[in-house]
Structures are given as C-alpha cells and as structure tokens.
Amino acid sequence: MNMWGRKMITRNSKIKEAFNTPVGHDVISKILLQANIKDKYVKGGIIGNLKLKTLAKLSGGKVSEGFLNTFIDLLNRDDSNEAPKDGEISHKWWKEAVFYQIYPRSFNDANGDGIGDLRGIIEKLDYIKDLGVDAIWLSPIYDSPNDDNGYDIRDYRKIMTEFGTMEDFDELLKGIHDRGMRLIMDLVVNHTSDEHPWFQEALKNPDSPYRKYYLFREGDGTTPPNNWKSFFSGSAWNYYDEQKVWALHLFSKKQMDLNWECEEMRKDVIDMIKFWLSKGVDGFRMDVINYISKDEGLPDGDKAIGELMGFTGVEHYFYGPKLHDYFKEIRKEAFDPFEAFSVGETPGIGLNMARKVTGEERKELDMVFSFDHLETPGHTKFEDYKYDLDYLKKYLDNWTVNYGNNCWQAFFYNNHDNPRMISKIDTDPRRRFYLGSMLAVLQFTVKGTPFVFQGDEMGLTNYPFKSMDQITDVEAKNYYKELLDMGKTPEEAFKIIISGTREHTRMMLPWKPGVQVIDPTMTEAYKELIRIRKENPLLVYGDYELLMGDKGRYTYARFDKDTSYVIDCNLTTGEIPALDVPDGRLMYSNYEEPYAEVLKAYEGRIWVV
Ligand code: TEU
Ligand code: CA
C-alpha cells in the first residue's frame with residue numbers, strides 16, 4: 001500500500017492494473033494513440049494480463065528497464081486513484097465567458113512602427129466587445145529581449161518598450177473593465193530570460209542567493225549533466241565557459257529554467273503575481289506550468305519515450321512530484337485572496353491528470369489547456385497531412401463525457417504556437433467559410449469555455465510564406481538548422497517548416513487588406529454564435545449526449561428536463577442526411593438556405609426543442 005492507501009504498482013503488477021490507475025490510463029492511452037493501437041487489447045485480453053516487467057522484453061528493448069521504473073514511480077506517486085467528486089456543476093463567470101487571446105505583437109499597431117502595441121489594443125476594445133467577448137487573455141507584454149517574443153522575461157514588472165508604458169497598461173485595463181470585460185495576463189514562471197537580473201547575478205556569483213533560483217550544475221563542459229532535449233532543438237543545457245557551469249533551459253538558450261524547489265524563488269514569484277493582481281488583473285494563463293516540478297536529481301530521459309514523444313526527458317518533468325503542491329501554494333497565497341482565475345497551459349497532461357489539477361475541491365487550477373486535439377494521433381505539427389475531423393469528435397466526446405462535473409474544459413482551435421486549424425483540415429477557399437463557421441458551431445455549443453484566438457473570427461488561414469527570411473519564430477529557425485544538419489536540402493527543410501511554423505498565427509492582423517483579408521461573413525457568424533451561446537445558458541451548463549457519431553457526422557444534444565438543443569454537424573465535404581427534429585425550431589445554420597433533408601458540406605445546425 002502507498003501512503004494514500006492504494007495498492008502499489010510493481011514490476012509484477014498486470015498491465016491492466018496500471019491502465020486502471022488515473023495516470024497509467026493517460027500514459028498508456030497516449031502511447032497507444034501514438035502507436036495507433038486500440039485500447040481494447042490492453043483493457044482485457046492477452047496484453048492486459050501480462051506483467052509489467054514483461055514489457056521490456058516484449059517490446060524488443062523499446063520499453064527500457066529505465067522507462068519501466070520511471071513509469072511505476074509515476075503511478076505510485078499519484079495521491080489517490082479516487083475519482084474527483086462529482087456533484088452539481090457550480091456556476092462561475094469563467095464557465096460562461098467567451099475568451100479572446102491577443103498576441104500583442106501582431107494584433108494592432110497604433111503608432112505605425114510595424115509592431116503591435118497596447119494603444120493598438122485600446123483602439124480595438126469596442127471591436128472586441130462588439131464580438132461578444134467577455135475576457136481577454138493577453139500574451140506576454142513584459143520587458144524582454146524577445147528571443148521568444150516575450151516568453152523570455154527580463155523584468156516581470158515592466159512593460160516592453162515597443163508595446164508602451166505602464167500608463168498605457170493601466171488605461172487598457174480600465175478600458176477593459178469599463179466595458180464589462182475582464183483581463184487575464186500570461187504568467188511565464190517556468191523560466192526567465194538569461195538577461196533577468198536574477199540569472200545575471202546567479203551566473204556571476206556562485207555564492208549569490210540567486211544561484212539556487214536556477215538549475216546549475218558544475219562540470220568541465222564535455223558532457224551535459226543529462227540527456228534532456230530542448231523543445232527548441234539541441235541539448236537542454238548551456239555551458240558557461242568562464243564560470244564552468246551548466247544551466248538548464250527546456251526552451252531557447254535564453255530561457256533559463258527556474259528551480260521551484262527554492263522557497264525564496266517561489267516567494268518572489270508569488271509577490272510578483274500579487275503585484276499584477278493588486279492592479280486589478282482578473283487572473284492568469286500559466287505558461288507550460290506543468291513543467292515546473294522536476295524529478296529529483298534530474299535523471300536521464302528514456303530514449304524510446306524520447307523518440308515517441310519527440311523530446312528526451314519529458315517523463316521527468318511533465319507531471320513532476322511536487323506539481324500539485326506548487327499549484328496549491330500559488331492558489332492559496334496569491335490567487336485566492338484576489339479571487340483570481342487560472343488556466344494552465346499543460347502540454348502532455350491527459351484527462352485523468354487534468355482531473356487532478358482542476359478538480360474543484362482540490363483547490364489547484366480552475367482550468368487547463370489540453371493539446372491532444374491539435375493533431376490527428378501519429379502526426380506532428382511539422383507534417384503536411386490532412387487533419388481528421390472524426391478524431392476531433394472523439395476527443396471532444398471523450399472529454400465532455402469523462403471529465404466530470406467538478407472539472408471544466410477550456411477549448412480552442414488556435415493559438416500563437418501552431419498553424420491555423422482551418423488550413424490543416426481543408427485548403428479549398430470555397431469551403432473556408434463553411435468549415436470555419438461549423439468549427440465555431442462546435443466551439444460555442446460544446447461543454448467548456450471557448451478561447452477564440454485573434455483572427456479566428458476573420459476566417460484567417462495559414463500565410464503563404466515564400467522563404468525562411470520571413471520566419472522569425474525561434475522554434476522553427478532552430479528546427480530548420482537541425483533539419484539541414486540531418487541532411488535535408490533547403491527546399492525539403494523549408495517545406496517541413498511551413499507546415500508547422502508558429503509564424504502563421506503571428507502575422508499582423510489584416511485590418512487593411514494585404515496578402516490576407518478579413519472575411520466579414522465569418523465575423524458575423526462568430527457574433528451570432530456567441531450571442532446564441534449567451535442567450536441560452538443551457539449551452540453552457542446543460543447536460544451532453546452524443547446522438548449520432550458515425551463517420552463524418554457529429555450530432556449531439558445539450559439539455560435539461562425541459563429543453564434540448566440539438567447540434568447537427570456534417571464533418572465532410574459531401575452531403576449527408578440531415579437529422580429530422582420534429583417540433584424543433586432551427587436556430588442556426590451556416591447555410592443561408594438549408595435543405596430539410598440534407599446537410600451540405602461542413603454544414604452545422606443548432607435546433608431547439
Ligand atoms: O508553449 C509551450 C509549448 O509546449 C509549445 O511551445 C509546444 O511545445 C509547441 O507548440 C509544440 O507543439 C509556451 C508558449 O505558448 C510558447 O509561445 C513559448 O515559446 C513556450 O511556452 C516557452 O515559454
Ligand atoms: Ca507599434
């Protein structure tokens with residue numbers, strides 16, 4: 001038994017026992033998905049009854065002994081396999097709200113220097129309000145040398161010069177509140193810029209109290225302290241010749257990971273959070289926040305897992321041993337006194353882990369972003385492939401049914417790190433409006449809070465980049481070099497880069513038509529759908545049931561005992577039979593003249609009965 005009174009998983013446990021623990025379920029499901037194996041083989045049957053220790057042999061060395069131990073450790077450390085409580089859904093402003101993400105650098109440029117700025121956002125507040133938006137998430141606006149466009153922070157309490165001043169910020173916040181909207185900021189505390197005074201001080205002086213704020217390791221510079229790989233290519237360690245030390249950076253070479261074991265550092269972070277909350281900010285989106293707790297001793301990552309997930313080492317920090325403790329501490333010390341809202345960016349976290357982080361009674365985070373729907377399983381964002389909408393349906397249905405009443409989904413299609421969703425599904429411009437508005441029908445009627453990314457409402461698609469000179473995103477630039485080193489020709493490498501680069505969603509919004517133009521019919525569809533969601537609270541809090549989920553269609557109901565909304569969507573480019581809703585009133589279709597019997601390409605309907 002572990003300290004929570006649950007049977008310990010050992011090398012002699014059956015595979016299905018591991019699968020039945022919350023974390024085991026997430027990890028094994030992810031592996032099965034990536035490898036394209038159906039989970040029924042594990043749940044029952046032959047594979048499920050095998051002992052965990054046979055995995056290493058069976059996989060022909062792919063699952064190493066090291067991985068097995070890490071995995072068993074992960075399962076046993078989890079603090080209970082009890083499902084979070086599942087009472088009535090509580091009512092919260094952030095469950096009813098429509099969020100709008102602004103990437104300030106490319107939103108709107110007020111002073112004409114080519115860079116978006118705070119006054120540019122102020123100019124557009126009426127536009128945002130008019131869409132029906134309730135809350136804005138602002139990507140980082142803090143002082144930064146911009147190695148990763150503001151996600152490398154040099155001073156947490158200063159506004160980036162190109163974006164404006166603290167006076168501009170105060171005016172922006174007031175403008176948002178005056179219009180009855182809320183503002184959440186980006187909280188980037190897995191790392192700071194290497195130009196942050198804490199890091200500068202720590203590097204210069206080994207006796208400085210700031211040494212403990214980061215993850216330094218002494219060494220002669222020959223081999224890095226472990227084999228972890230950076231998300232932005234190469235080793236996750238920098239060597240500083242003069243000081244004879246290594247320092248960890250999971251992201252760019254200028255984004256140094258903070259050491260969350262250090263209490264003084266946590267205290268400084270909490271003070272900084274309070275500084276912004278005291279100004280009246282309503283909450284935070286927390287950048288890669290599930291990476292803050294790292295396994296003790298920073299052990300080597302498993303090679304096979306590294307290959308499967310693309311990054312060596314992740315199993316040692318994506319759901320670390322003290323993660324829940326840190327969440328509880330930030331919540332208690334900083335968020336709760338201000339009734340602040342939180343949404344964590346948590347790549348790699350599965351449904352059950354998310355239940356632990358967001359279960360209301362656990363007092364950790366309010367919501368998290370899952371990323372499992374961004375690519376069809378088995379594909380990565382740097383691949384040119386056709387995204388499968390039937391997978392999106394399965395994903396949404398699974399989360400909606402299994403997440404539970406004490407947890408709440410955050411649901412988005414786009415952000416500043418990924419190419420545009422529409423372009424992954426269908427590039428035919430004649431179908432763009434129907435596809436985009438059908439996706440919006442889903443987003444505004446499914447159970448969960450919608451996050452719209454700037455430009456979604458304009459029907460924007462990927463940008464037709466012509467050469468690498470147009471790409472500034474550090475992930476893509478480094479990856480391009482890596483591809484060339486791997487022997488790809490510049491043409492081949494560029495083709496891969498344009499499939500996945502973050503630059504697609506970072507181009508200046510086309511307020512004035514250029515290469516890209518705004519589709520006003522899409523904007524109208526967004527407004528109408530947001531209005532429908534607002535006027536019909538059952539679309540927020542109502543029950544959910546899948547009515548028809550056969551290939552190519554997604555038909556579900558949101559209901560209570562008196563009223564039902566039926567959402568009927570065609571996921572294909574052909575025509576399919578429409579659902580007949582006797583006595584129903586058609587509230588919305590993205591076609592002007594919908595037929596009674598068929599759903600046209602990407603048609604999405606909302607009925608009320
Ligand atoms: O992103 C974290 C993150 O994990 C993604 O970059 C992901 O790895 C990528 O999209 C692969 O699909 C956050 C921010 O959103 C991003 O802009 C920052 O670069 C990163 O953290 C570091 O702060
Ligand atoms: Ca500007």
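**Close-up 1. Helix H12 in the predicted model spans residues 263-278.** This helix has 16 residues. From first C-alpha to last, H12 reaches 22 Å, close to the 22 Å expected at 1.5 Å a residue. The model shown here and in the other views is predicted. Just after H12, Gly 280 takes a positive phi of about 110°.

**Close-up 2. The buried residues of H12 line one face of the helix.** They are Met 265, Arg 266, Val 269, Ile 270, Met 272, Ile 273, Trp 276 and Leu 277. An α-helix has 3.6 residues a turn, so residues three or four places apart point the same way. Turned away from the buried side of H12 is a face with the exposed residues Glu 263, Lys 267 and Ser 278. The buried residues pack against strands E3 (142-143), E4 (155-159), E5 (182-187) and E11 (283-286). They also pack against helix H10 (166-178) and helix H14 (323-335).

**Close-up 3. The largest nonpolar core has 176 residues.** Phe 169, Phe 284, Phe 335 and Leu 389 have the most contacts inside this core. Helix H18 (residues 432-445) gives the most to the core, with eight residues. Phe 335 touches Leu 187, Ile 273, Leu 277, Phe 284, Met 286, Ile 330, Ala 340 and Ser 342, leaving out residues up to four places away in sequence. A second core, of eleven residues, is separate. Among its members are Tyr 463, Ile 471, Leu 483 and Ile 497. In soluble globular proteins, nonpolar side chains tend to be buried together.

**Close-up 4. Strands E7, E9 and E8 make an open, antiparallel sheet.** The strand order is E7-E9-E8. Strand E7 (216-218) and strand E8 (237-240) stand at the edges. Each has a single partner strand, so one side of each is left without a neighbour in the sheet. From one strand to the next, the twist averages 25°. E8 and strand E9 (residues 245-248) run antiparallel and are joined by four bridges. Tyr 239 stands opposite Trp 246 in E9. Helix H11 (residues 197-204) lies across E7, E8 and E9. The helix runs at about 15° to E7.

**Close-up 5. Five strands form an open sheet with antiparallel pairing.** Their order is E16-E17-E18-E22-E20. The edge strands, E16 (543-548) and E20 (585-589), each pair on one side only. The twist here averages 20° from one strand to the next. E16 pairs with strand E17 (residues 553-559) over five bridges, in the antiparallel sense. In E17, Phe 559 is the bridge partner of Asp 543.

**Close-up 6. Helices H18 and H21 lie across strands of the five-stranded sheet.** H18 lies across E17, E18 (564-570), E20 and E22 (604-608). It runs at about 150° to E18. Helix H21 (residues 520-535) lies across E20 and E22, at about 140° to E20.

**Close-up 7. Lys 424 sits in helix H17 (residues 421-425).** Is this lysine, Lys 424, buried or exposed? Its relative accessibility is 10%, so Lys 424 counts as buried; the cut-off is under 20%. Which residues are in contact with Lys 424, leaving aside neighbours within four places in sequence? They are Leu 374, Glu 375, Tyr 385, Lys 386, Tyr 387 and Pro 419.

Terms used:
Residues are numbered from 1 along each chain as its sequence is written. Chains are lettered from A and ligands numbered from 1 in the order in which they are written. This is a predicted model: local features need pLDDT of at least 70, side-chain atom pairs count only at pLDDT 80 or more; totals for chains, interfaces and linings use all residues. Side-chain values use heavy atoms; hydrogens and water are left out. A nonpolar core is a set of buried Ala, Val, Leu, Ile, Met, Phe, Trp, Tyr and Cys residues joined through side-chain atoms within 4.5 Å. Buried means under 20% relative accessible area, exposed over 50%, partly exposed in between (1.4 Å probe, protein chains only). Helices (H or I, at least four residues) and strands (E, at least two) are DSSP runs, numbered from the N terminus. Contact means heavy atoms within 4.5 Å. Two strands pair if DSSP finds at least two bridges between them. Axes are lines fitted to C-alpha atoms, for helices over the stretch in contact, and angles run from 0 to 180 degrees between N-to-C directions. The expected span of a helix is 1.5 Å times one less than its number of residues. The arc is that of the directions from the helix axis to the C-beta atoms.
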